[in-house]
Amino acid sequence: MQELDIRQINEAIEAAVDKCIPLTLAIDSDGWKNLHSRFIDADEEHILVEPGISRDGVPQEFVPAERIALSFKLKHHKYLGSARVVGMRHWTLEDGAKLPALAICYPTHMQRVQRRAFSRVDVPDGKIVRVSFWLGGKDTEPTGSFSEFPVYSAKVTDISAGGFRAIINDADQLEIEPGDRVGVHIVFGPGEESVYADAQFRHCDEDTGPARNRLGLAFQFLGLPHTPEGRDVLKLIAQKVSEFGRTQANSRHREFHRRRTRQ
């Protein structure tokens, strides 16, 4: 992750406004809530963006001076920052129609991440990555045998800085629904690093393996770019994505040479 200076931040915002780039606004309200938005306009003091729409379609009420996180993709990078809310404004179209817009201050801190870190890579053969997950958030990990919520265990099959997929056995015991917020603990191997994070359970599908009662589960990380602790987790995951990608590339390279040797 590269820390940007004020000039680089302003250049990124100017380019995003010029292209009306989509962006995600994130608000920490009893857990991170993402809103899909878009850059509209900017002047010397403020940036205008669409108010944003959540997945449940409920309009968001913004409080002046409230801090919100924002992220957007531009060329080969993803930009992560935060800004203060100014308030609601009206933006006038060329035909005179007025649309609601959210005015925010320019970010004073912003990071830039290579977009390839958000590309999903398979866990290499012979590498075991495990995940434990439970309802609630990472800070509510159940302890003891009398916890209200069970802790599930699964094998991670692919991962990116945005989320991961895992295979769970005994899927009949699973009691979570798409959209549920969960805490996750990912261990990258015996004696290796591990991370805690908040995530959202997105969907499941039947695993194509030979065993029965197995499901593939998809999760999206929540709020990682928006706290120092989360950014440390994001850095480690990005390192693992790069490591796994190199392993896959080397494996393909060796297979290519084996095939050429046989011919």
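User: What ground rules apply to the model and its numbering?
Analyst: Residues are numbered from 1 along each chain as its sequence is written, and side-chain values use heavy atoms, with hydrogens and water left out. Since this is a predicted model, local features need pLDDT of at least 70 and side-chain atom pairs count only at pLDDT 80 or more, while totals for chains, interfaces and linings use all residues.

User: How confident is the predictor in the protein, and which elements have the lowest and highest mean pLDDT?
Analyst: pLDDT is the predictor's confidence in each residue, from 0 to 100. The protein averages 85, and 88% of the residues score at least 70. Among its elements, α2 has the lowest mean (77) and strand β4, residues 46–49, the highest (95). Helices (H or I, at least four residues) and strands (E, at least two) are DSSP runs, numbered from the N terminus.

User: Why is G189 called buried?
Analyst: Buried means under 20% relative accessible area, exposed over 50%, and partly exposed in between (1.4 Å probe, protein chains only). G189 has a relative accessible area of 4%, so G189 is buried. This glycine sits in the loop between β13 and β14, and its C-alpha atom is 5.6 Å from that of V129, 60 residues apart along the chain.

User: What makes a group of residues a nonpolar core, and which members of the largest one touch the most others?
Analyst: The term covers buried Ala, Val, Leu, Ile, Met, Phe, Trp, Tyr and Cys residues joined through side-chain atoms within 4.5 Å. The largest such core has 38 residues, and F133 and F164 touch the most other members. Elements giving two or more residues to this core include β10 (130–135), β12 (163–168) and α2; α2 gives the most, with 6 residues. Apart from it lies another core of 25 residues, among them I9 and I68.

User: Which residues does F164 touch?
Analyst: Contact means heavy atoms within 4.5 Å. Leaving aside residues up to four places away in sequence, the partners of F164 include R120, V131, V184 and F219.

User: How do you know which element gives the most to the lining of the second largest pocket?
Analyst: On a 1 Å grid over the protein atoms alone, a pocket is an open set of points where a 1.4 Å probe fits, with protein on both sides within 12 Å along at least five of seven lines; lining residues have an atom within 4 Å of a point. Here, 16 residues line the second largest pocket, and α2 gives the most, with 7 residues.
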